[in-house]
Amino acid sequence: MRILKIGGALITDKSDGAFEVARLDVIESISRQLDGEVILVHGVGSFGHPHVKMYGLSREGVAKTHHACLKLNSIVCESLIRAGKHPLPVHPLEFFSSPDFDFLRSAVEEGFIPVMHGDIVYEAGRFRVMSGDEVVRILAEKLRPEAVGFASDTAVVVDGEVVELVHSGNVDSVLEATSPASGKADVTGGMRGKLEEALRIARICDVYIFSGYEKDAIRRFLSGEHVGTKVAKVF
Ligand SMILES: Nc1ncnc2c1ncn2[C@@H]1O[C@H](COP(=O)(O)OP(=O)(O)OP(=O)(O)O)[C@@H](O)[C@H]1O
Ligand SMILES: C=C(C)CCOP(=O)(O)O
């Protein structure tokens, strides 16, 4: 089984000022490429970050943000159904109040694609934002997948070049060159947060951070090819 996150920077317009703008053509292309045993997690882009920025975690913020996450989840699931796939939406707000990881594993084995996402969750008596990247890391720790992929709008880039491999010799300088997304509404750490989660997941399996815009990149990741930046299983 593989775990794939499709980032909000890929499936939505999350440039500053954009509000609930899905990239339907990209979502359709991803839906056609999905195959095999996979759990899909999507980011929420302009269906989540601007809401949290505007309303915080007030009652209004929690309600509007979670509702917008559900709207994007529905768009993704509808697209998967159009492509002949069998998505099962699983919302972190409910799932993590009483997690059942065996259910996810069984669903995958029976030919479903569980579709989770970045969300608001309720923990220890308070609401907080849980990014899709964090959802992926928690799932990886529990389900021990073969590989994890983060498809965003880019691989990890340093000095204008894609970093092919993150290893013990370059990890510090690569981390230093990553930052929260610039020119975008983002409340979950951008590429820096993603790389930090990837380094934790690399204790379990190989991780790839790549551009989902590249032709067939999703299909290639799912069939075991090296795509974009590899964070090798050693950390
Ligand atoms: N060194 C870097 N290499 C590549 N991208 C970088 C780097 N530093 C910062 N970034 C920014 O990080 C962004 C990707 O992170 P972002 O969190 O927006 O991705 P995402 O997971 O697709 O989105 P979401 O969090 O909405 O799901 C890039 O679009 C870029 O603006
Ligand atoms: C902003 C919210 C609610 C979740 C963010 O998840 P991400 O898009 O994966 O970073």
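Helices and strands in this talk are DSSP runs, numbered from the N terminus; a helix is H or I with at least four residues, and a strand is E with at least two. This is a predicted model, so local features need pLDDT of at least 70 and side-chain atom pairs count only at pLDDT 80 or more, while totals for chains, interfaces and linings use all residues. Residues are numbered from 1 along each chain as its sequence is written, chains are lettered from A and ligands numbered from 1 in the order in which they are written, and side-chain values use heavy atoms, with hydrogens and water left out.

I will start with arginine 2. Arginine 2 sits in strand β1, residues 2-6. Buried or exposed? Arginine 2 counts as buried because its relative accessibility is 12%; the cut-offs are under 20% relative accessible area for buried, over 50% for exposed and partly exposed in between, with a 1.4 Å probe and protein chains only. The arginine 2 side chain reaches the backbone oxygen of phenylalanine 221 at 3.2 Å. That is a polar contact, meaning a pair of N or O atoms within 3.5 Å; within protein, one must be able to donate a hydrogen and the other to accept it, and residues adjacent in sequence count only if both atoms are side-chain atoms. Leaving aside residues up to four places away in sequence, arginine 2 touches Glu37, Val38, Ile39, Pro145, Glu146, Ala147, Phe221, Leu222 and Gly224, where contact means heavy atoms within 4.5 Å.

Now the sheet. There is an open sheet of 8 strands, in the order β3-β4-β2-β1-β7-β11-β12-β10, with mixed pairing; two strands pair if DSSP finds at least two bridges between them. β3 (87-89) and β10 (165-166) are at the edges with a single partner strand each, so one side of each has no neighbour in the sheet.

Further in, β1 and β2 are paired in the parallel sense over 5 bridges, and arginine 2 stands opposite valine 38 in β2. On to β2 itself, residues 38-42: 5 of its 5 residues are buried, so the strand is largely enclosed by the rest of the structure. Which way do the residues of β2 point? Val38, Leu40 and His42 point one way, Ile39 and Val41 the other way, and all are buried. In general, side chains in a regular strand alternate between the two faces of the sheet.

β2 is also joined to strand β4, residues 113-117, by 3 bridges, and the two run parallel. Histidine 42 stands opposite histidine 117 in β4. Elsewhere in the sheet, strand β7 (residues 147-152) pairs with strand β11 (residues 206-211) in the parallel sense over 6 bridges, with phenylalanine 150 opposite isoleucine 209 in β11.

Glycine 45 is in the loop between β2 and α3 (49-55). Glycine 45 is buried, with a relative accessible area of 1%. Not counting residues up to four places away in sequence, glycine 45 touches Gly8, Thr12, Lys14 and Pro50. The C-alpha atoms of glycine 45 and alanine 18 are 9.3 Å apart, although 27 residues separate the two along the chain.

An oxygen atom of ligand 1 is 2.7 Å from a polar backbone atom of glycine 8. A nitrogen atom of ligand 1 is 2.8 Å from a polar backbone atom of valine 157, and a nitrogen atom of the ligand is 3.1 Å from one of alanine 177. On its own, ligand 1 has 650 Å² of accessible area, and the protein covers 91% of that; accessible areas come from the Shrake-Rupley method with a 1.4 Å probe, and for residues only the protein chains shown count as cover.

Last, ligand 2. It is surrounded by 14 residues, the closest being Lys5, Val44, His49, Gly132 and Thr188. The shell divides into 3 nonpolar, 9 polar and 2 charged residues. A polar side-chain atom of lysine 5 lies 3.0 Å from an oxygen atom of ligand 2. For glycine 132, a backbone N or O atom lies 2.7 Å from an oxygen atom of ligand 2, and for threonine 188 a polar side-chain atom lies 2.6 Å from an oxygen atom of ligand 2. Taken alone, ligand 2 exposes 320 Å², of which the protein buries 97%.

Technical notes: Near = heavy atom within 4 Å. Nonpolar A, V, L, I, M, F, W, Y, C, P; charged D, E, K, R; others polar.
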